[in-house]
Structure formats: structure tokens, C-alpha cells
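Thank you for making time this morning.

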Amino acid sequence: MTLADRLARPDLADLPPVDLAGAPAPGTIRLDANENPFEPLAGKGDINRYPEPQPAALRQRMADLYGVDAARLWVSRGSDDAIDLLSRAFLVPGQDRILVVEPTFSAYAQFARIQGAQVSSVRMDDDFTFDADAVLAAAKDGAAPKLLFVCTPNNPTATPVDPDDVRRLCRELPDTLVVADEAYGEFTDTPSLAPETGAIENLVVLRTLSKAYGLAGARIGCAIASPDIIGWLARVSPPYPLPGPSIDAALTALAPERMPVHMDRVRRLVADRDRLAQQFRDVGEVEALYAGGNYLFLVVADPADLARRLAAAGVKVRFRPKAAPGGVRITVGTPAENRAMLAVFGIAEERPAGRRAAVTRDTAETRIAVEIDLDTPEPRRVIDTGIGFFDHMLDQVAAHGGFGLTLSCTGDTHIDAHHSVEDVALALGSALDKALGDRAGIGRFGFALPMDETQADVRVDLSGRPYSRFEGEFSADKVGDLPTEMVPHVFRSLADSMRAAIHVRVDGENDHHKVEAAFKAFGRALRQGLSTGASGGIPSTKGSL
Ligand SMILES: *Cc1c(COP(=O)(O)O)cnc(C)c1O
């Protein structure tokens, strides 16, 4: 008998698992599910059809993401749903119990109670550290809990849990499934326990796309465990738990070219979290502060009053007087949101809120994700278009332009560079256009740059009206892997999508120099044009651009 069979509800042993047959072969006449055969009048794709019970492509993608075999991963309707499935499969009503380490995420106790199970709890000490000895003592006091929930880092107290503690709990509690909830794993340096579910039979790891991947509304998460445990989740799952549009959204969000943007955002949220923590430490009101995940837990003398004052300023935070009475949990928001929240503490944020924009662009030929940040004090550049020399040129534009750029493209470069170069230029231009917003404070500028024998002269007018002029000849077909005929094209696409006049004149002997000088000078002209320094107003006598 496997561990899962031994711990699961005996009354469900003969329940068949949900049918995991994949999508039917294309061309199959689908008369099996009483669906409506006609083209849907809403949404994208075939939402008139039932979705796959376990979408094979998404299951594989998430398995790759978390470094496990797909047979060990169950895609759930958020990780909340995975907690519910575990409760249904393993907790015998009126008999079993779970163990939680409080204060913690309330769903563990809630689903256990709905299932008719008991909830035992250990309270963390006053400074919210995780005491594995205390947890073990509570687990061994009475019948073994069927499920022990360890939230790492803990919500709301941000307490990190040492993976060695989790391993030890697994080892010393062989009749308990230890559930490590890694909802905020992306925001920590602690390595995930997911790959260890292969070796540790009673370990279950929960992950979610709600936090780091920005998909809370799609409701996609997963449980990772031995195939035996996964088999039990399949027994208690509803037949079609995951909405088709959510499956599509998750696959799109996790596409390779989106990943650099996700990683950059996570890095940024962590940096902002730590900066906020520092700002709070500098004011008297906060007694203790715990930072983890994408949130802060502030222990204050009167948390109810603080929550009220924040609410009065239009800022909603989490205050649970019963579950976590001592403090409020505050999510890290956008710079503008953080600024509004800090104002309630009397903290004046000096950094500008910043002009930023993200653009995604998917066609049959290319898939592109761009994020730019025009005002970041530490501009980072992560650029991968699949065309090395073009990456180098865009890097020059961002470096000389003085802005942060994360840009990634998966394109049909096996055919040629054409589609990728053009679409990247369009997407980058759109992102600049979007970040510029009402174009308040920006200007019209030019820059001339010599490079050995070459000279490039670029003038940019961020006028809101597209116009492009390119004077220059190339004798080589390519520089690096970038076709030279695409160079004027890039500036035209940028002019169109960023709604700017861009005039480029370049002459010299060496094509490499000419291309590079043109991009560098463009970056420099942009830097001047994007600057909000001088007047702060809209740089046109018409008052709008
Ligand atoms: C947010 C959160 C989840 C729930 O995630 P969903 O996938 O959105 O259901 C699970 N566990 C913890 C600790 C959380 O904070």
C-alpha cells in the first residue's frame, strides 16, 4: 500500500479519478459532451467546448517552471483549490485533524473545517519565528495530523522557514503530509522544495501564478507531490475545474519571451519592499516590521486605527483582528500607490513615481514583451531579440537614452531577421509612446556623434506626429546578423509607433560604425527628448502634443 493510499479517505478508494484524456485529435467530430457546436459569441478560442480536465500543455509548462516531472504536478484553480482538494482527499470528517502554525493563511483551517476535520494550531512566539521543535511537539501530541501546513515565507508575518526544518518535519512525521505553501517563493532566495517531492514521499508543495506572474484573476496554481498523491487529487477534482480562458492566459503569461519581464518585476517589487521597510524603520510609529514575499507586516500599537486611517486615504490593507491581531499587512504596489500609502505615515516619497509602460505584441511571426522605465534611478537592460547585433544596437539606444529596458522576442528568425526586427521596433516604439503619456515636459532634440571616420546626426521631435527621414547608404548586406536594409526600416517603425519625427543622417566608410553611430546618436537624442528636467510643461505652443 502506498503512503497516499494509507493516508487517504478509505471511503473514496473506489472512486474513479477524473478522466485525464487529453484534447481530442484535430478533425475529431465532437458529439460526446453535449456542447453547443456553433461559433462562440464571446471570448477568444473555442469556449463553446469543455476545457481539458488537466491541460497537458500548461501542466508541462508549469512542471518545467518548477523543475519537476509533469506526472507530479496537478494544475488547480488557484492554490486555494489545491488546499481544498487535499482536504477532501485526505481528511476523514469527524476524525482527522490538520496542524497549522499561526498566525497564517486562513484557507488551511477554513477548508479543513468545511471538510468536518479538526484544526490544531501552534502559535508562533512574539517575534514570529518558526520553531520546528514546537511544531513537532504539537504534531506528536495526539493522533498524527493528516496535513501539516507550512507557509514559507509565512503569510502574513513574512517568516521564512528553513528548508531543513521542512525536511525534518517530513522525516519525523511519516504519517502526515507536510504541505509547504510556496505562494511567495519567487520573492525569496530560499530554494524551492518542489524538486524534492521526488525523494520525500510525504511532501506536498503548493505554487501559484497569482502573485509573481500577475494572474490572480485567472485562478491558476498547482500542487506538486508524488504521482500517488496527485492520483488522489484527481479522484476528488471536479470534472473540468479550469476555465479555458484562464488556461490560455496562463500559457501566454508563461511564454518564454514574457519571462524576463516577470523576473524584472519580481526583482523590482523586492527592491521596493526593502526600500519601504527602510522608510518605515525611520518613522516612530512602527514597533516591528517583517518583510517577505511582496508584502510587509507592520506591528503597531493600534493596528485597527492604522487600518482606518489608511482606508480614509483610500488605501485598503489587510487587518485581521482575530487571525493576526497585532499588525497590518501591506502589499507592495506601484510607486504611485506606495507613495499614497506612505503619505499616511507622514513619509514624503522623494523619488518620482516614474513613467513606465509594458507592451506585449503577438502575431503569427513574432511574440514580443517589452517593459520600459524612463525614470528609474538604476536603469537595467535585458534585451533578447534573437538577433545578436540588433540586441547590441537596442542596448546602445537604452544606455544612451538613459532608460531601463526589458525586451524579449521569440520570432521566426529561422526564416530571416525581417519580422523580428520590424515588430520589435514597433513594440518598442509603442512602449515609449505609452510611457510618455501626455508627453508633459518632454521636448524636441538632436544629437550628432562622430565615430572614427563616421558621423551620425539624429534629430527627434516627440511631437505626437510620426515622420521618418533616413539619409545614408550601406555597402554590406549585413552587420553581424542584422540586415543593413532593416536599419532605415527600424527608424521608420519607431517613428510610426512612438509618434515622433525621427531624422537620421549618417555617412562614413565602415558600415558597422555607421549603424552603431546612428543608434547611439538616436539614444542620445532620446535622452534629451525624454528628459522632464527643464520646464515641466508640455513643450509646444499649442499646449498639447
Ligand atoms: C495568496 C496565497 C495563496 C492563494 O493563491 P491562489 O493561487 O490565488 O489561490 C495560497 N497561499 C498563500 C499563503 C497565499 O498568500
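Predicted model: local features only at pLDDT ≥ 70, side-chain atom pairs only at ≥ 80, totals over all residues.

Let me begin with helix 9 (259-281) and helix 11 (335-344), since each of them supplies at least two residues of the lining of the largest cavity; helices here are DSSP runs of H or I with at least four residues, strands are runs of E with at least two, and both are numbered from the N terminus. Residues are numbered from 1 along each chain as its sequence is written, and side-chain values use heavy atoms, with hydrogens and water left out.

Now to the cavities. Rolling a probe the size of a water molecule over the atoms shows where empty space is left. On a 1 Å grid over the protein atoms alone, a cavity is a set of points where a 1.4 Å probe fits but cannot get out, and lining residues have an atom within 4 Å of a point. Grid points are joined across faces, edges and corners, and the volume is the space filled by probe spheres set on the points. How many cavities of 30 Å³ or more does a search of the whole structure find? The search finds two.

The largest cavity holds about 80 Å³ of space, and helix 9 gives the largest share of its lining, with four residues. Among the lining residues are Asp272, Arg275, Leu276 and Gln279, and also Pro335, Asn338 and Arg339. By class, this lining has four nonpolar, two polar and five charged residues, where Ala, Val, Leu, Ile, Met, Phe, Trp, Tyr, Cys and Pro count as nonpolar, Asp, Glu, Lys and Arg as charged, and the others, Gly among them, as polar.

The second largest cavity holds about 40 Å³, and its lining has seven nonpolar, two polar and no charged residues. Strand 4 (residues 147-151) gives the most to that lining, with three residues, and the lining residues include Val101, Met124, Phe130, Phe149, Val150 and Cys151.

Staying with strand 4, let us follow the chain into the loop between strand 4 and helix 6 (163-172), where Pro153 has its place. Most residues other than glycine have a negative phi, and most peptide bonds are trans. Thr152 and Pro153, however, are joined by a cis peptide bond with omega about 0°. The peptide bond from Asn155 to Pro156 is cis as well, with omega near 10°, and Pro156 lies in that loop too. Ala158 is another residue of this loop, and its phi is near 65°, a positive value in a residue other than glycine. Is Ala158 buried or exposed? At 7% relative accessibility it counts as buried, since buried means under 20% relative accessible area, exposed over 50%, and partly exposed in between, with a 1.4 Å probe and protein chains only.

Arg499 is partly exposed, with a relative accessible area of 30%.

Helix 15 is mostly covered, with 16 of its 20 residues buried.

Finally, the aromatic rings. Rings of Phe, Tyr and Trp (its six-membered ring) pair if their centres lie within 6.5 Å, and planes under 30 degrees apart count as stacked, over 60 as edge-to-face and the rest as tilted. By this rule the count comes to 11 aromatic pairs. One of them is stacked, with Tyr50 and Tyr240 at 4.3 Å centre to centre and 15° between the planes. This pair links distant parts of the chain, 190 residues apart. Tyr50 is partly exposed at 43% relative accessible area, and Tyr240 is partly exposed at 38%. Phe280 and Phe345, by contrast, form an edge-to-face pair, 4.7 Å centre to centre with 70° between the planes. That pair joins Phe280 in helix 9 to Phe345 in the loop between helix 11 and strand 11 (356-362), 65 residues apart, and both Phe280 and Phe345 are buried.

Key: 1 Å grid on protein atoms, 1.4 Å probe; cavity = no way out; pocket = protein on both sides within 12 Å on 5 of 7 lines; lining within 4 Å.
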